[in-house]
Amino acid sequence: MTSTIEETASAPADVTRGAFDLEWGDLIKTGAILGLGLVFMSLAGMPTGLDGRLLIDPFLSLGYVSLLWLPLIVGWSVANEKVLEGMVATRKSARDVVAGLVVGAIGGAGLSLLIVLIGAFDIRDPLVNWNEKTQAFLSFQRGTGFGVIACIVVSALLAGFGASLHLMPRRVRRAIVSALLAVISVAVFESFLVDVADPLSFLYTKTGGLLPLWAAVVAALALAMTLSGGGERIGQARTNFQELTGPAKTRQNTILIVVSGLALIIIPMITGKITQELLANVGIFLLLALGLNIVVGLAGILDLGYVAFFAVGGYTTAVLTSTNRGPDWPEWFPTLPWWGAFLVTLLMAGLVGLFIGAPVIRMRGDYLAIVTLGFGEIIRILFLSDWLSGYFNGAQGITNIPPADFGIFEVKGTDPRSVFYLVLFFAVISIYVSWRLERSRLGRAWMAVREDESVAEAMGINTVNVKLMAFVVGAVLASFAGAIFSAKVGSIFPTSFLILVSIIILVIVIVGGMGNIVGVIVGSIVLVGVLGGPKQPGLLQEFSEYKLLIYGALLIWMMLQRPEGLVPNARRSRELHQDEFLQDAWLKGKVDDADENGNGADSGTVAPGLAGGAS
Amino acid sequence: MTTAVRVKGAGRTNVDRFLTLLRVFLIGLIVVGLLAFIWQQIDPGNPFARWTHDGEPANRLTADQFQGLIVTGLSQGAMYGLIALGYSMVYGVLGFINFAHGEVFMVGAFTGFIMANKLDEAGYWEGGAFIPAVLFTVLICTLVATLTAVVMERVAYRPLRGSPRLIPLITSIGVSFFIQNAVILLFGPGAKSYPSNPDWLGEKRTFLQLEGTKILVIVVAAISMAGLWYFVERTKTGKAMRAVAEDKEIASLMGINVDRTIVTTFAVGGAMAGIAGILWGLLFRSVIATTGFLPGIKAFTAAVVGGVGNLGGAMAGGVSLGSAEALAPLVLLEPLGVDGVSQLRDAVAFTLLILVLLVKPTGLFGERLSAEDRA
């Protein structure tokens, strides 16, 4: 493997550049973007809106944190240059810190300008947050003059600090970051922690802020743990686990599943209602996301009207169980117990899946997305319309849906724990079904269709049937969620099924990692659990006003930076980064040419996924 | 499960049969609705009308009502057409649906609101200088919308060029979500009302008794469309745009700056959406952060109806969609005895999209796309 490529990549020694040898144009541009971002967030009212929530009691509020993380991250990323093959790697030096300081100062100057402008002009009419409150917040309640200087200094220092993280030894850097994260998460998740373990409330003041003493203790604990090598040990354990193969891996997996299963059964027993409700919501969105994961993640069909199946599931259950359904249903139409209605719901969802799937299945991918979105709207409009209000009660919705009665226990909305157990049961079924399907002939056919439809067809896959199956399976999984939702809420309205819901489920699947069950689970916990669903509050209740903005920003950011999601599916990420893989393979191929004992096995990466998809 | 994969031929024909059935049903619905409408216009008390309306005779549409519907349809259709141009051009050049294009339109309408409000406070709107005030507002709206579209392209779409086509589509959903919520947070969640138009504009005038605002909308849309046609078909930049739409690689070999041409495409599309935005404001006199969503989707429908990539088609598609949306509830559905037809307008638009894609997927006037985009 000693060849030309290797030499060009590693031959130039690392270079240290002078402290003021900077790319000024780039820095000013980055600084201006940082400033724009800070001004945008201030005018969007995020900092002032969150100012009431104290994190560390008298010193730090969530409002400041929501603003100040930005210079820190930008400072870090300014100094974080990507070293590509053949490029000269520069050693991190004081130059990077200077760059951070400059960018931060320019960004802070944006805020200073805002402070001055708020004082000078009054354009409160269109801009709702153009007021003294924002001004006072930005100038730390100490007057304009102080604020103008403080903004620049604070922002510069934070960005400089972010940049200087590169200079620290790895372990120190990790320790600092984990201490910061630990303090912030302990403070932010106050309501959750107190709900899970009431005795923990001694950490907090009455308003929910962390007491400074305990903040220091938490930070010290986190520091100590990382410095003593805790993080590395966890990392080591993870790599060990990932490298396991054969029976040992199976055994480890079984232990992992049993432990997490037991934990999921026990946790709701010891926690309060807030956590139970949260877990139930996460579960419902997990069910939806698992279904969409099959449609989008495995079969590669972008279904933007997925909420239609959720709606059909919810309404079918409601119509079959409620005593208050529309008056136009015929006399003989039965009222069933929940589980009976549930079976009909599955059938109904499958049929609707077929009905919606059949016309759209041959369309090209992007048309399909818009047409499914249209179907999603049509179904909601029909449930809402006066025309069918004799059946679905229009905007009044169907109320009086009885709790799901299973003899030994009842599932109803006032008892979120029971809802959670029901959701857990179905989530386990869904996960098992997805997992088995992914490894079945049908699952491989889906992936083949996702990668290249023409090739899949040439390989003898009936693409139409395979895609229809994806629609039907996805619809049935969504109807699980619909049926549980109607029993949980006890009433059902068309406004619960806006397109927004489809998009949020899509964000969950994409952020988690398309085509990866673990990814979808992580996605639903992180997004619905922490930020909250379209109407359901998450752990960060304070963010409810801003969560949709965050969802949008997250979707863009994920697509630009990490389209394979947080927990990527190996094959999927190979597809998305095909160019890079081909390039790597090409480089490697050259190496192989030069090397007579070329390693032929590696060239498998040249044809990503095909080997798996067609077999 | 495996049988579904193994069975070939048989399953395919079943899907085909179902689709034929769906086509026949939808077209049959239109024919029956039309016939019922004609019969109802001739004789409101005919047996079919009595049967569909629970024994009551149907309401005959008066000539005035009918004319009103057509003008409403045309003016709304003109706006859909203007927005559709942006979708169509971007699809032609980049091959993906810019889902956030509706938000550019909304930004235009919002800017229009801010401008109109400020001009009204200064006494220029309802008072004397309405025409210059509107022209000035149109100019600013166009600029802001253009800027939005260009920034969007730079930030979200340029880094994704060459990735699988669903990736930019998903990104554009994120962009749309972001812009919508940013507007809510910056300007407040409520609906914003435009100042009222001067009386002489709202009067019904000319021998057809048309409402002035609607005439204004149709005229401005027609002028913008003509300008765009001239730009695309007669100028050098327009020629470059068409070349890039046909084949990016060869266009760049011919010395065309592809990046700049794509930016121009976004800018021109954004400008059209901005004009549509202010027209929307003049017509409905109210704007809210979610204003862009439905018109955006419908404009995409219009682009598909006319044939994606085909600019004349986009305009014609917009006008047909607007008219269909205005007419179909009262002309097709009401005679069939459907209640509350005005609620079903949006459903009509989406059904039209499905129908066109089922019957003539290349649109009424044919697509103009490069070979790779047609795949």
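Author: Let's start with the largest cavity, which holds about 90 Å³ of space. This is a predicted model, where local features need pLDDT of at least 70, side-chain atom pairs count only at pLDDT 80 or more, and totals for chains, interfaces and linings use all residues. Residues are numbered from 1 along each chain as its sequence is written, chains are lettered from A and ligands numbered from 1 in the order in which they are written, and side-chain values use heavy atoms, with hydrogens and water left out.

Reader: Which residues line the largest cavity?

Author: Lining residues have an atom within 4 Å of a point, and among them are A:L38, A:Y64, A:F137 and A:C151. α4 (62–78), α6 (132–138) and α7 (144–164) of chain A each give two or more residues, with the largest share, four residues, from α4(A). Helices here are DSSP runs (H or I, at least four residues).

Reader: What makes a lining residue nonpolar?

Author: Ala, Val, Leu, Ile, Met, Phe, Trp, Tyr, Cys and Pro count as nonpolar, Asp, Glu, Lys and Arg as charged, and the others as polar. The lining has 11 nonpolar, one polar and no charged residues.

Reader: How do you know that domain 1 of chain A and domain 2 of chain A are in contact?

Author: Contact means heavy atoms within 4.5 Å, and 14 residues of domain 1 of chain A meet that with 16 residues of domain 2 of chain A. The bounds, 15–167 and 169–233, come from the domain assignment.

Reader: Where in chain A is confidence lowest?

Author: In helix α27 (residues 610–614) of chain A, at a mean pLDDT of 34, on the predictor's scale from 0 to 100. Chain A has a mean of 83, and chain B a mean of 86. Where pLDDT is low, the predicted coordinates should not be read in detail.

Terms used. On a 1 Å grid over the protein atoms alone, a cavity is a set of points where a 1.4 Å probe fits but cannot get out, and a pocket is an open set with protein on both sides within 12 Å along at least five of seven lines; lining residues have an atom within 4 Å of a point. Grid points are joined across faces, edges and corners, and a volume is the space filled by probe spheres set on the points. Domain bounds come from an automatic or database domain assignment.
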